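I opened this entry to keep track of what I looked up, one topic at a time.

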Amino acid sequence: MRTLLAILLALSAAACSGDGDAAGRVSVRGSDTMVILTQRWAEHYMRAHPEATIQVTGGGSGTGLAALINGTTDIATASRTITERERRNLRRNRDAEAHAVPVAIDAVAVYVHEDNPVASLTLAQLSAIYRGRIDDWRDVGGPPGRIVLYSRENSSGTYAYFKERVLEDRDFASEAQTLPGTAAVIHAVSRDPSGIGYGGIGFGGGVRAVPIATEGGDPVAPSAQSALDGRYPLARPLLVYTAGEPRGTAADFIAWTRGPRGQSLVEAAGYYPLPRVRTAERVTR
Amino acid sequence: MSRGARSGERELSEPGAPRAVVPLGQGFETPLAHRLAEKAITGVAFVAIAAIVLIFVFILKEALPLLWETELHGEIGGLDALFLPKQWAGYAEAVFVWQPVGTPSKLNVVPLLVGTLKVTVLAMLISVPAGVGAAIFVSQYAPRSLREVIKPALELLASIPSVVLGFFALIVLATWMQETFGLAYRLNAIVAACGLSLAVIPMIFTISEDALRAVPRELSEAAMALGARKWQTTLRVVVPAALPGIAAAVILGFGRAIGETMVVLMASGNAAVMELFDPTTSARTVTATIAAELGEVAQGDPHWRVLFLLGVLLFVITFALNRLGAAVIARLHRRLTAGVEA
């Protein structure tokens, strides 16, 4: 691991001196789920590398990938994988292949109001709830009453992930309210006893995360252990994308986030660090 | 300054044919500075007009390729799917759906137009009576001391940034309305409309109040002298005389309400439901949709083009309303003055 890092550092130093790299200025844009973590990474990285400037903004995974496609950011952070269409657009606009590197693991938790007695939900129930097929808490073991759906803006990676993983690419009920950010979803659910919402585990507080069961399996609550060993069904890698192989300061920064220092910040931000094995490998999907 | 002026003087002092009288405005050239200033002002006016035209052209340029880029049609299920209900795979019936992310993108703009219309009309139902009523009270009935409190206070309300109004609606108003009226959805069209009213009422109030106070005192004095009561004078003489101004206030307020973004983005819940009459359901407006989604789409994507199409629709609707409003005002004005200018 350490040698790999050293090699990457040396390579990036060479690349730096090679193309100048705009004085080590790197812009990072994308996932709102990852924005706090990325900002912390940038702060610590810049403290260790005073010559580098890392500029971090959020907006959603889609926003970041769109910025990457339009050439207005160097690195896009994403809490979902790139779509075929985005990959095609990147090829067309930047003449480059999307390059993905996982940097942390996040679990998407399903939140209900803390007074809601529902013990657990299956993926099928969750899907039916968010598609509007089940609209009463009574049908899933709760008190009678309408279920109020809280969702995310469609630029959100969490939205796309939830749509793909839970709804199997079918549409959300049009009644689902879209809120800007997981914190907003949690705030809304914490004030609405009949509400249900979803979002990153990093934001938890004031609400209850419902254990989720796969078909025929036992309900599993989101935790570091269950996310890492794959038992929790709604865990996902957090990714950074670049147009083509990252170079210069960008490559160094990405390698640093995956190193011991970067990964220790992952835990502090409420996500799960990459398992040791995965840290070394690159995912290019 | 002075090259023009000097040449004028020289001309006058020239010996030769005597000129007894120099007609006003002739003989003297307009000083250069004046002419430059005139040109500059005309130029600024043209820049403003050009900016509007260019903005419209730019928005149109991004939206129009929807018409002929046939490969886009496949990705959105045909052009008619933008405006007409369509039975998508997995749906039991033809529906209006706005779900841009997914394959195919479901980009029906009707739920957004319905949401915009619903929130705007609700906001106007609150703002017009409140704003015009307050204007009538302040201009006709309120003692001077009270007027000097209410008017600046309402004008201060107009200067609050809309994001603050939105925040207030999101945190305070939504909870209060849900607890008071037992609404099923905490964030909904009526909460957004109330938040919006806070931005629109001061506007309608200020312009209506000015119009009401501009009504010549002779009119109300004549009515009083004929034995009309105060309320009769107000309702039958003063208000009708100020009607063009009040109409202008309402139209400007409507424009503000339909174009307002931040309040509705924060307080309406943003669910694109096809529900025109129930004010307690959520609503997704055109403006909020553009604000929330434009940052995320890739240029040239059908979703990108449809967001610009929404911009075009918004532009056309606002423009048409303003023209209609101007026509109504002109008509009212003609009727009131009976064709005779005062």
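My notes start with the chains and then move to helix packing and the interface.

**Confidence first.** I am working with a predicted model. I looked up chain A and found a mean pLDDT of 83. In chain A, 87% of the residues reach 70 or more.

**Chain A overall.** I counted elements next. Chain A has 11 helices and 11 strands. Its length is 285 residues, and 50% of them count as buried. I also checked contact range. Among contacts in chain A with a separation of 6 or more, 72% join residues 24 or more positions apart.

**Chain B overall.** Here I found 14 helices and two strands. Chain B has 342 residues, of which 35% count as buried. For contacts in chain B with a separation of 6 or more, residues 24 or more positions apart account for 76%.

**Helix 14 of chain B.** I wanted its span. This helix covers residues 302-337, 36 residues in total. From first C-alpha to last, helix 14 of chain B reaches 52 Å, close to the 52 Å expected at 1.5 Å a residue. Which residues of helix 14 of chain B are buried? I listed B:Pro302, B:His303, B:Arg305, B:Val306, B:Leu307, B:Phe308, B:Leu309, B:Leu310, B:Gly311 and B:Leu314. I then looked up what covers these buried residues. The cover includes helix 2 (32-63), helix 5 (110-141) and helix 13 (286-293) of chain B. Helix 3 (65-68), helix 4 (70-76) and strand 2 (106-107) of chain B are also included.

**Helix 11 against helix 14, chain B.** Helix 11 of chain B spans residues 243-259. Its axis and that of helix 14 of chain B come within 9 Å and cross at roughly 170 degrees. An angle over 145 degrees counts as roughly antiparallel, so I logged helix 11 and helix 14 of chain B as roughly antiparallel to each other. On the helix 11 side of the contact I noted, among others, B:Leu243, B:Ala247, B:Ile251, B:Phe254 and B:Ile258. Helix 14 of chain B brings residues including B:Ile317, B:Leu321, B:Gly325, B:Val328 and B:Leu332. By class, this contact has 13 nonpolar, six polar and no charged residues.

**Helix 9 against helix 10, chain A.** Helix 9 (residues 248-258) and helix 10 (residues 260-268) of chain A pack at an angle of about 60 degrees. Their axes are 4 Å apart. That angle makes helix 9 of chain A oblique to helix 10 of chain A. A:Trp256, A:Thr257 and A:Arg258 in helix 9 meet A:Arg261, A:Gly262 and A:Gln263 in helix 10. The residues of this contact divide into one nonpolar, three polar and two charged.

**Interface.** How many residues of chain A are in contact with chain B? I found 28, in contact with 26 residues of chain B. On the chain A side, helix 3 (61-70), helix 4 (84-94), helix 6 (157-165) and strand 7 (177-179) each supply at least two residues. Helix 3 of chain A gives the largest share, five residues.

Definitions and conventions:
Residues numbered from 1 in each chain as written. Chains lettered and ligands numbered in written order. Predicted model: local features only at pLDDT ≥ 70, side-chain atom pairs only at ≥ 80, totals over all residues. Contact = placed C-beta atoms within 7 Å. Expected span 1.5 Å × (residues − 1). Buried ≥ 20, exposed ≤ 12 C-beta atoms within 10 Å, placed from the backbone. Axes fitted to C-alpha atoms, helices over the stretch in contact; angles between N-to-C directions. Parallel < 35°, antiparallel > 145°, perpendicular 65-115°, else oblique. Nonpolar A, V, L, I, M, F, W, Y, C, P; charged D, E, K, R; others polar. pLDDT = per-residue confidence, 0-100.
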